[in-house]
Amino acid sequence: MPQSHRKTPFSGKAKKEQLKIKKQSKQGFHKNPVLLKAHENIGEGSGNIDKINFQPTRDGHSKPNRYALQFFKESQEEILKQKELARHSLEPKEELDLEIEANQFFEKDLDFPKRPSWDFCLSKDELEQQENHYFTQYVKDVEQKFNWKDLSLFELNLETWRQLWRVLEISDVILFIVDIRFAAVMFPPSLYQYVTNTLKKDFILVINKIDLAPASIVVAWKHYFEERYPNLHIVLFTTVPGYNLIGNQTNASGLQVRRRKGRIRMAAEGAQQILDICKKLVGNEIELSSWHRKIKEECSLETGDSDNDSVEVGETVHLKNVDTDYVQYEKFYKGTLTIGCIGQPNVGKSSLMNALMGKKVVSVSKTPGHTKHFQTIFLTPNVRLCDCPGLVFPSKVPKPLQVLMGSFPIAQLRQPFTTVKYIAERLDLVVLLRIDHPTNDDTWSAMDVCDGWAKKRGYYTAKAARLDSYRAANSLLRMALDGKICLCLRPPGYSEKKELWASHPDIRVVEGIQARNAEAASSGDSHLVIDTDSDEEVSKKNVNKKEKSNSDSEDDSEDEDDFEVTSNKFSALSSDM
Ligand SMILES: Nc1nc2c(ncn2[C@@H]2O[C@H](COP(=O)(O)OP(=O)(O)OP(=O)(O)O)[C@@H](O)[C@H]2O)c(=O)[nH]1
């Protein structure tokens, strides 16, 4: 045996140390000095910190967890209490309960961390120290002003905030992206104030995923933002417009399923809206004709009218990670327009960048928090996009809603049942999923819904062959995240003005982008799109897979770039609740 393969004897102390490291890496636990420093100063009531997506560290040099998400976590006692509540009968809510006013979640005193002032006289270490100190103080202040239990889970990793600071600093225009289903809940007014008043930069709000909402709700949200935030430029967007889909297909259960066809195409209408706004903002200072030609070319490809005047700008893709060093902001640096894409996790920032490019340039995932480090891409030689990691801003958004928004990864939830309860009290899951009561009772609890779904899908635990409620709950939550089960919040007063929004002139614009007609949007075919397979086929498949399943595990295979979308998922909402 070669010398290098021979085992060297271990001292008891070294062995102990090795076991400790092994245990930590198994638990996915690694201490972040910045956060722990802040956390040491936080009182007892704040509980521990959940470190999300942590990777084991193998050597002392690399820092795989530098940008890992961190949140405060609930105690074991709280988890047990929540599980117990999920066994109580559901208390269905009114349609009015889906109407929300953002002020209830974003209190004036609840600001987000901002980079403390700095100058070039400070060394890099001094700057870092200053920021560590600032962030520690920030967390302490939040704790003093608010009860942690009233607060949502929010980003506690200073490194992630540094990414935001850097993107805000280098960008000329800020593109803030929200998911239409939770539009106002994802939009922190403090960021709007900071960008427009303090930084004095232009702010574009992209209301994304409008394919997931009825056109009337999209129009209502657009007007909500216009009224409250006069300096916003609003764009209605979907990265999966109708022409990117294969038309309606009906599966064996009569459910409708549509899939994205072929390669990623540019979302031309949305791209054109953003270009039009940027043109107004930059005036004569930047020449944006190459961007215009790029969109025109894509449109002519769509209509089959392509001429030989092809534009090569799409080939100038330049993707690079940028560090968070300090650079003095210079407007239109080297004649380039820099657009910073910011938003909460999972709102579709990376998809939007791909849709603007007309091809895949950044990876997209169903797992929130996928983008860890911001990247820049040249859309054209003089238009640069910056993709910032998803950021969870401090707010009072309830945790179940945060899970549905994608602010917290489902796979890392300590118990998924509270969120299922939240959905089941707002959408009739029993009807939508077409499930039977697991014990043939009349009243339903969230746990019954999960068990009903487990039975239907053939989810059983490996050891005892019991219904795997945990796996069923996770499956339901992933369907909600993807929009297959579509819970869509509405602006205040929506129900009262529903007719007005439905006949508003903007409806045509929205439907144009959605590329679907009013009939489809308002028809009563409130099927829930479950899968391309029939329920029986799925059930059979899962029974075959039974051996692999166990009660604590979940099928967490979250396929990247799975573009399955549905044609009518929101119609469940249009029925009166
Ligand atoms: N229905 C629908 N789904 C979308 C749209 N845009 C993005 N998605 C889906 O939303 C999920 C998240 O998309 P990403 O582009 O990775 O989102 P992100 O904001 O970059 O996410 P982070 O990496 O967490 O910051 C993916 O499953 C996308 O396919 C859209 O317009 N409509």
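**A chat about helices and loops in a predicted model**

Visitor: Is helix H12 mostly covered or mostly open, and how many of its residues are buried?
Guide: In this predicted model, helix H12, which runs over residues 417-424, is mostly covered, with 8 of its 8 residues buried.

Visitor: Which residues are those?
Guide: The buried residues of H12 are Phe 417, Thr 418, Thr 419, Val 420, Lys 421, Tyr 422, Ile 423 and Ala 424.

Visitor: And what covers the buried residues of H12?
Guide: The cover includes helix H3 (76-85), helix H11 (399-405) and helix H13 (429-433), together with helix H14 (446-457) and helix H15 (469-482).

Visitor: Let's take H14, then: how many of its residues are buried?
Guide: H14 is mostly covered as well, since 11 of its 12 residues are buried, and among them are Met 447, Val 449, Trp 453, Lys 456 and Arg 457.

Visitor: What does H14 reach from its first C-alpha to its last?
Guide: H14 reaches 17 Å over its 12 residues, which is close to the 16 Å expected at 1.5 Å a residue. Just after H14 comes Gly 458, whose phi is positive, at about 75 degrees.

Visitor: Which residue other than glycine has a positive phi near 55 degrees, and where is its place?
Guide: That residue is Ala 465, and its place is in the loop between H14 and H15. Most residues other than glycine have a negative phi.

Visitor: Buried or exposed, that Ala 465?
Guide: Ala 465 counts as exposed, because it has 9 C-beta neighbours inside 10 Å and the cut-off for exposed is 12 or fewer.

Visitor: What about Lys 209, where is its place?
Guide: Lys 209 lies in the loop between strand S4 (202-208) and H7, and although Lys 209 is not a glycine, it has a positive phi of about 60 degrees.

Visitor: Why is Lys 209 called buried?
Guide: Lys 209 has 28 other C-beta atoms within 10 Å, so it is buried, given that the cut-off is 20 or more.

Visitor: Changing topic, at what angle do H7 and H17 cross?
Guide: The axes of H7 (residues 215-228) and H17 (residues 506-514) cross at roughly 120 degrees and come within 9 Å. The two helices are therefore oblique to each other, and H7 passes H17 in a right-handed crossing.

Visitor: Which residues meet there?
Guide: On the H7 side they are Ala 215, Ser 216, Val 218, Val 219 and Lys 222, and these meet Asp 506, Ile 507, Val 510, Glu 511 and Gln 514 in H17. Sorted by class, this contact of H7 with H17 has 5 nonpolar, 2 polar and 3 charged residues.

Definitions and conventions: Residues numbered from 1 in each chain as written. Predicted model: local features only at pLDDT ≥ 70, side-chain atom pairs only at ≥ 80, totals over all residues. Axes fitted to C-alpha atoms, helices over the stretch in contact; angles between N-to-C directions. Helix = DSSP H or I, 4+ residues; strand = E, 2+ residues; numbered from the N terminus. Parallel < 35°, antiparallel > 145°, perpendicular 65-115°, else oblique. Left-handed = near helix turned anticlockwise from the far one by under 90°. Contact = placed C-beta atoms within 7 Å. Nonpolar A, V, L, I, M, F, W, Y, C, P; charged D, E, K, R; others polar. Expected span 1.5 Å × (residues − 1).
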